[in-house]
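Welcome! Let us take a walk through this structure together, one region after another.

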Amino acid sequence: MMRQYLLPKTYSGEGTLTLSERDSRYLTKVLRYAPGTCFNGIDQSGKVYDLVLIDKQTLGISPAENGKAKQASDTLPSVKGLPRLHLLQCLCKGKKDDSIIRQATEIGVLSITFVQSRFCVSDASNKTIKAMKARNERYEAIIKEAIQQSGSAIPTSLTPEVLGIEEVPEFCKNGLGIFFHQDPLENQQSLGELLAGQTPNADIYLLVGSEGGFSAEECALLKQGGMFPVLLKTNILRAETAAVYALAACQSLLQEKPHLPL
């Protein structure tokens, strides 16, 4: 079931949009939308639209009045004024990254960035430009599907490049950088303590390791770069579980802060 349609990056406010062959097939063949069907839309900045299928190749587009689409939705309204969550995920093996992307998008992260660390089984450094382009296209398709099916009000974006772990502190310099470590470290604060001082619309960057976690040298590098280690006080988690757990924990703590204006 599609709860909203994600307009393409090329959309810039026109009243109509010519659908790609893939999207036309999805709307008319998979969802069986007939001409005249109205549904919700969202653009890459999160703005809401009312859409109508004019014909199998054309959408009519109009901005939703007061940011609220006309079509009823069973999704919950998004909470306003919360800090923005960014996931930095060290590369995992197999198709685990696909699952992480889908679930992080459904949770509502603003961006997803992959990182190459010491214990990553996957290695992005030896991939060709063609292979990286195909990878990113697959990830973008997963993000689009997750936004459309979950009804997320946050248009999650993918960072095209894979960062080296040494680049992470600079990437996170304009917000709060947190990395989740598998062992207790000295002078470590709890997740709640770190989030307590965050203001609305701040940026919070969450770095999650691969299957092997982080080395001692990587932890030292991240701490020296101004990032904060956090130990998730639970059972040993798979990398793909840790990402979802960390995001959900942050989101819950931020929403429950009594002093945070909504």
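This is a predicted model: local features need pLDDT of at least 70, side-chain atom pairs count only at pLDDT 80 or more; totals for chains, interfaces and linings use all residues.

By the rule used here, the count of aromatic pairs comes to six. One of them joins Tyr5 and Phe39, whose ring centres are 6.5 Å apart with 80 degrees between the planes, an edge-to-face arrangement. This pair links distant parts of the chain, since Tyr5 belongs to strand E1 (residues 5-6) and Phe39 to strand E3 (residues 38-42), 34 residues apart. Both Tyr5 and Phe39 are buried.

Now look for the rings of Tyr11 and Tyr49. Their centres are 5.6 Å apart and their planes stand at 90 degrees, so this pair is edge-to-face. Tyr11 sits in the loop between E1 and strand E2 (16-18), while Tyr49 is in strand E4 (residues 48-55), so the pair ties together parts that are 38 residues apart in sequence. Tyr11 and Tyr49 are both buried.

Next, turn to helix H3 (residues 129-150). With 22 residues at 1.5 Å a residue, H3 should span 32 Å, and its end C-alpha atoms are 31 Å apart, which agrees. Which residues of H3 are buried? They are Met132, Arg135, Asn136, Tyr139, Ile142, Ile143, Ala146, Ile147 and Gln148. These buried residues pack against E1, H1, E3, H2, strand E7 (111-116) and strand E8 (157-158). Just after H3, Gly151 takes a positive phi of about 75 degrees.

Leaving aside neighbours within four places in sequence, Tyr26 is in contact with Met2, Leu31, Gln148 and Gln149. Its relative accessibility is 23%, so Tyr26 counts as partly exposed. For a sense of distance, the C-alpha atoms of Tyr26 and Gly197 are separated by 44 Å, and the two residues are 171 residues apart along the chain.

Another helix to find is H7 (residues 239-256). Its 18 residues should span 26 Å at 1.5 Å a residue, and the end C-alpha atoms of H7 are 26 Å apart, which agrees. Buried in H7 are Ala239, Glu240, Ala242, Ala243, Ala246, Leu247, Cys250 and Leu254. The partners against which the buried residues of H7 pack are strand E6 (84-90), H2, strand E10 (176-180), helix H5 (191-196) and strand E11 (203-208).

How does H7 sit against H2? Two packed helices are described by the angle between their axes and the distance between the axes. Helix H2 (residues 96-107) and H7 pack at an angle of about 10 degrees, with their axes 9 Å apart. That makes H2 roughly parallel to H7. On the H2 side, Lys96, Ile100, Gln103, Ala104 and Ile107 take part, meeting Glu240, Ala243, Val244, Leu247 and Gln251 of H7. Sorted by class, this contact has six nonpolar, two polar and two charged residues.

Our last stop is Arg118, placed in the loop between E7 and H3. Is Arg118 buried or exposed? It is exposed, with a relative accessible area of 56%. Neighbours within four places in sequence aside, Arg118 is in contact with Ser215, Glu217 and Glu218. The C-alpha atoms of Arg118 and Gly164 are separated by 9.5 Å, although these residues are 46 residues apart along the chain.

Terms used. Residues are numbered from 1 along each chain as its sequence is written. Side-chain values use heavy atoms; hydrogens and water are left out. Axes are lines fitted to C-alpha atoms, for helices over the stretch in contact, and angles run from 0 to 180 degrees between N-to-C directions. Helices (H or I, at least four residues) and strands (E, at least two) are DSSP runs, numbered from the N terminus. Angles under 35 degrees count as roughly parallel, over 145 as roughly antiparallel, 65 to 115 as roughly perpendicular and the rest as oblique. Contact means heavy atoms within 4.5 Å. Ala, Val, Leu, Ile, Met, Phe, Trp, Tyr, Cys and Pro count as nonpolar, Asp, Glu, Lys and Arg as charged, and the others, Gly among them, as polar. Rings of Phe, Tyr and Trp (its six-membered ring) pair if their centres lie within 6.5 Å; planes under 30 degrees apart count as stacked, over 60 as edge-to-face and the rest as tilted. Buried means under 20% relative accessible area, exposed over 50%, partly exposed in between (1.4 Å probe, protein chains only). The expected span of a helix is 1.5 Å times one less than its number of residues.
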